[in-house]
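Take a walk through this model.

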Amino acid sequence: MKNYFAAANTPKGFFSFYDNLIDYDTAKTIISLKGGSGVGKSTFMKQISSIAEQKGYDYDYIYCSSDKNSLDCVKIDCINLVVLDGTAPHLVDPNYPGAVGEIVNLGRYLDKNKLLAYKDKIVEITLEKKKHYSMLYNSLAAAKSIYDNYKIINEPYIINDELHNIANDIYYRFIENIETPKKPSSHRFISALTPKGFFNFVDSLAKDKIVINLETTFYPCAKKIIALLLKKIDSELYTEQYHCVLEPDEVEHFIIGNVLVTTNHKDLTKYSYDLDTSCINDKNEYAYNTLSNKQKELYEQVLLNAQQQLGVTQALHKELEDIYISAMDFVDMNKEKTRIIEKIFE
């Protein structure tokens with residue numbers, strides 16, 4: 001089982017790879033769940049995956065980038081099934097509804113008369129939530145600008161020839177002879193920002209893999225090596241590429257065949273490259289550069305503000321959930337869920 005994210009809250013706003021999540025040529029069933037907060041979409045996906053696990057099927061959990069405990073999607077590749085949250089901001093519908101997909105509106109089990117009593121409160125919470133998401137994205141953009149300054153200060157310390165040497169060593173030792181299907185690569189996130197800081201599911205990728213770790217205090221070194229490796233790999237070969245939340249156009253981990261290349265996870269492997277030792281010039285000056293360290297402190301302060309904004313949005317989301325839960329007809333909805341489950345596993 002793999003755990004990851006198909007989207008992320010980034011300095012560019014909500015950044016989504018949902019279009020890359022579904023292979024419409026192979027998908028047999030795509031179920032897009034509609035309905036607001038609290039109608040039971042995430043719970044339903046967990047019920048489906050629980051049955052899949054009982055049957056011995058492998059599956060992927062794709063989590064919500066704003067709440068790592070809430071599911072946005074479950075994929076069961078062995079039966080070509082995708083069940084996902086099709087509400088904003090994802091807005092994913094089957095390309096061929098009725099043929100290989102179904103739209104299921106769980107919101108129709110809401111008692112609208114009960115919700116009318118909460119109309120003003122729902123509007124108030126929704127607008128407040130939107131405001132704090134805007135503040136979150138502004139804080140992340142500010143953090144990214146400070147991080148860019150940090151990179152400018154420290155780029156001169158990088159020994160680029162050593163980055164190429166390490167990339168070549170990894171490629172020829174571990175990757176050169178790997179054969180994978182010739183099809184478009186997958187693009188995802190393995191990390192997300194939470195109110196308590198960054199969280200990742202990298203350990204879920206490591207199962208049955210040869211893990212190559214790039215250990216460094218200066219993250220751009222690792223990302224440069226990963227970019228060099230991906231450039232060397234035949235672009236037609238399938239890879240799983242996991243992008244950086246702060247720089248969503250850049251890849252920070254990837255899988256090809258049975259090899260995972262990752263950063264700062266030496267606990268997962270015996271194959272670890274110490275980039276600070278081999279790829280950094282003037283190590284004392286790098287470590288004690290006052291301007292660099294001030295940028296790092298400022299970055300952490302601004303990032304903390306982003307975490308706080310995300311915490312507010314989660315609390316507001318919980319308020320909305322409680323309102324919608326109070327208006328749900330779970331008895332009739334469970335009958336609908338039973339029908340869908342029986343159809344999936346018939």
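The model is predicted: local features need pLDDT of at least 70, side-chain atom pairs count only at pLDDT 80 or more, and totals for chains, interfaces and linings use all residues. Residues are numbered from 1 along each chain as its sequence is written, and side-chain values use heavy atoms, with hydrogens and water left out.

Begin with helices α5 (residues 160-175) and α7 (residues 219-232). Their axes come within 9 Å and cross at roughly 50°. Axes are lines fitted to C-alpha atoms, for helices over the stretch in contact, and angles run from 0 to 180 degrees between N-to-C directions. Helices (H or I, at least four residues) and strands (E, at least two) are DSSP runs, numbered from the N terminus. α5 and α7 are therefore oblique to each other; angles under 35 degrees count as roughly parallel, over 145 as roughly antiparallel, 65 to 115 as roughly perpendicular and the rest as oblique. The α5 residues in the contact include Leu-163, Ile-170 and Tyr-171, and those of α7 include Ile-225 and Leu-228. Contact means heavy atoms within 4.5 Å. By class, eleven residues are nonpolar, three polar and two charged. Nonpolar covers Ala, Val, Leu, Ile, Met, Phe, Trp, Tyr, Cys and Pro; charged covers Asp, Glu, Lys and Arg; the others, Gly among them, are polar.

Now α2 (residues 41-54) and α11 (residues 330-344). Their axes come within 11 Å and cross at roughly 35°. Phe-44, Gln-47, Ile-48 and Ile-51 of α2 meet Lys-337, Ile-340, Ile-341 and Ile-344 of α11.

Next, the rings. The structure holds 16 aromatic pairs. Rings of Phe, Tyr and Trp (its six-membered ring) pair if their centres lie within 6.5 Å; planes under 30 degrees apart count as stacked, over 60 as edge-to-face and the rest as tilted. Tyr-150 and Phe-218 have ring centres 5.7 Å apart and planes at 75°, so the pair is edge-to-face. Tyr-150 lies in helix α4 (residues 119-154) and Phe-218 in the loop between β12 (210-215) and α7, so the pair ties together parts that are 68 residues apart in sequence. Tyr-171 and Tyr-172 also form an edge-to-face pair, 5.0 Å centre to centre with 85° between the planes. Tyr-171 is buried, at 13% relative accessible area; Tyr-172 is partly exposed, at 47%. Buried means under 20%, exposed over 50%, partly exposed in between (1.4 Å probe, protein chains only).

Finally, His-265 sits in the loop between β15 (259-263) and β16 (271-274). His-265 is buried, with a relative accessible area of 14%.
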